[in-house]
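Let's take a walk through this protein chain, beginning with the whole and ending at a single residue. Keep the 3D view open as you read.

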Amino acid sequence: MLTTNYVPGTPNWLDLGAPDIDAAVSFYSAVFGWTFQSAGPDAGGYGFFQLGGKTVGAVGPLSEEGADSAWTVYFQTPDADATAKAVEQAGGSVRVAPMDVFTAGRLAAFTDPTGADFAVWQPRVQGGLDMVMAPNTLCWTELYTTDAAAAKDFYGTVFSWQSQDMPMGGGAVYSVVSAPGGGKTDDTGHGGIMQLQQEHLQAGSTSEWHPYFAVTDCDATFAAATGHGATAMIPPTDAPGVGRLAMLKDPAGAPFALLKGDPTTT
């Protein structure tokens, strides 16, 4: 499970690159009840999604030419420069070189060897998200990848992640990942890695990280999202031992998922 006790290798920040900030704020406010707080006049339009006065994510304009709207998952690092070197040595690429963000911290953004974008946050004044695991906040991160074995090797090298493979129906395998030093993987897992199936690859699917947001009613939140312009990818579905989940693309095309946890597993 995620916590705000951020240790190296765990998700500690989340932001959305959007072509229209106002439209993104309107959508997520309607679906999750979030409000928006600007990061200031020097932040280039970047600002924070908040819930009850606590930061649960952020949003900013698309900064790369030709980029698609997407959520970016950041992982905690004590040294963004060292992580950048580790990424390159493990076969990934640097999209944004390590840079200071005022006094808040230091960030860098990368692409893994399978093509999925992610980032790291080295905290200073800003440690990370203020709240996770509560309703309408981040509760899980997931990588759909064209090569699960290569992805596990890469992130294991860069972040020392441990993984636990869980067989699924049809021969599929879901790998739960966790940062080291936290005990058993099934207790401390912060995300999953899943191989894209052949039909998805043939349809042009590419590797990408996406967030899951905890909800109290998956069906109602799904209906609210689609009612405000989201596109359904996976309709509300029961996942034994996990809960009820759904996946969507927001009106600008950024993928995200919903999860109502199974009370028997929590």
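Of the 266 residues in the protein chain, 46% count as buried, meaning under 20% relative accessible area with a 1.4 Å probe, protein chains only. This is a predicted model, where local features need pLDDT of at least 70 and side-chain atom pairs count only at pLDDT 80 or more, while totals for chains, interfaces and linings use all residues. Residues are numbered from 1 along each chain as its sequence is written, and side-chain values use heavy atoms, leaving out hydrogens and water.

The protein chain has 6 helices and 16 strands; these are DSSP runs numbered from the N terminus, with helices being H or I of at least four residues and strands E of at least two. Its radius of gyration, taken over C-alpha atoms, is 17 Å, close to the 18 Å from the globule rule for 266 residues, so the chain is as compact as a globular protein of that length. That rule is 2.2 Å times the number of residues to the power 0.38.

Now zoom in on glutamate 142, which sits in strand β9, residues 138–145. What does its side chain pair up with through polar contacts? One partner is tyrosine 174, at 2.5 Å, and another is the side chain of histidine 210, at 2.9 Å. A polar contact here is a pair of N or O atoms within 3.5 Å; within protein, one must be able to donate a hydrogen and the other to accept it, and residues adjacent in sequence count only if both atoms are side-chain atoms.

Technical notes. Buried means under 20% relative accessible area, exposed over 50%, partly exposed in between (1.4 Å probe, protein chains only).
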